[in-house]
Amino acid sequence: MRVTTLSGVPIRIHYSFLPLIFLFPITTSSILVQNGLGDSYLLSVAIGLIYLFAIIGSLLVHEFAHVLCARLFGIQTMSVTINVAGAFTKFRSLAQTPKEKAFIAVSGPLASLLLGLSLLMVAFPPVPYLSFLPLPGRDDFAALGIVASILCTLGGLNIIWGIGNLLPIFPLDGGHILFAYIWHRLGNEVSAQRAAARASCFMILLLFLPFAFIRRDPCMGTFGFFLLLLNLVLAFAPTHAEPS
Ligand SMILES: [Zn+2]
């Protein structure tokens, strides 16, 4: 579903994201009430909506870093789509060299990290920023006030989003960076993609098995299973893909 156009790039919202538009403010409002930040239901929902739009904005900052970096290399963008798992960018053409691919892939996480650090610096200019990561607790909320706690939470989420995307797993940006590195070393794009997908499988087993079996977390287990399937397909039937 196309909602707007930014810098000539159509912005779409996938139908999977629509339930979050209603669920996110309600969920957030209950958290805020628990933390003593919401006196009224309307105020809580309003804060929830601020979070919702701020998170969409954060996702767009990440994706447009990819878009603008790709544009520097002459690669145009078809669309940016926000979905329930985050967002992805569809390019009109592929990176022609490992260097182009690496720069495009790393630009998104770098933008998220810079945005996250900037938000924390605005929220807490006089104090050590990193002591508030990954997210503020109940006491922090009460002491900081609404604006600072929103900025702190968004800052933490952007930093987590930036670091998480650097994991060397397809289709995360880190998987594309690994792909670019192997492509640079081997000089063969198809072999590099296969090798990067095999490395992704290893990383998925390493990271998701503990959640699936030791912690018995069905969500992480299912997510890991589908990521594993995707990478097995890429490892044995390579296709071209660009950073998400
Ligand atoms: Zn990305």
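Predicted model: local features only at pLDDT ≥ 70, side-chain atom pairs only at ≥ 80, totals over all residues.

1. Nonpolar core. The largest nonpolar core comprises 48 residues, and F179 and A196 are those with the most contacts inside it. Helix α3 (residues 98-123) supplies the largest share of this core, nine residues. Because domain 1 (2-166) and domain 2 (168-244) both give residues to it, the core lies between the two domains.

2. Surroundings of A196. When neighbours within four places in sequence are left aside, A196 is in contact with F170, G175, L178, F179 and I182.

3. Length of helix α8. Helix α8 (residues 218-236) has 19 residues, which at 1.5 Å a residue should span 27 Å; the end C-alpha atoms are 27 Å apart, in agreement with that expectation.

4. Two faces of α8. The buried residues of α8 are G224, L227, N231 and L234. These residues cover an arc of only 80 degrees around the axis, and they therefore lie on the same side of α8. Helix α7 (189-214) is included in what covers them. On the face turned away from the buried side, α8 carries the exposed residues P218, T222, F226, L229 and F236.

5. Cis peptide bond. The bond from F170 to P171 is cis, with omega near 0 degrees. P171 is located in the loop between α5 (146-165) and α6 (173-186).

6. Positive phi at S7. Although S7 is not a glycine, its phi is positive, at about 50 degrees. S7 sits in the loop between β1 (2-6) and β2 (9-13). This residue counts as exposed because it has 10 C-beta neighbours inside 10 Å, the cut-off for exposure being 12 or fewer.

Notes. Residues numbered from 1 in each chain as written. Core = buried A, V, L, I, M, F, W, Y, C linked by C-beta atoms within 7 Å. Buried ≥ 20, exposed ≤ 12 C-beta atoms within 10 Å, placed from the backbone. Helix = DSSP H or I, 4+ residues; strand = E, 2+ residues; numbered from the N terminus. Domains from an automatic or database assignment. Contact = placed C-beta atoms within 7 Å. Expected span 1.5 Å × (residues − 1). Arc of directions from axis to C-beta.
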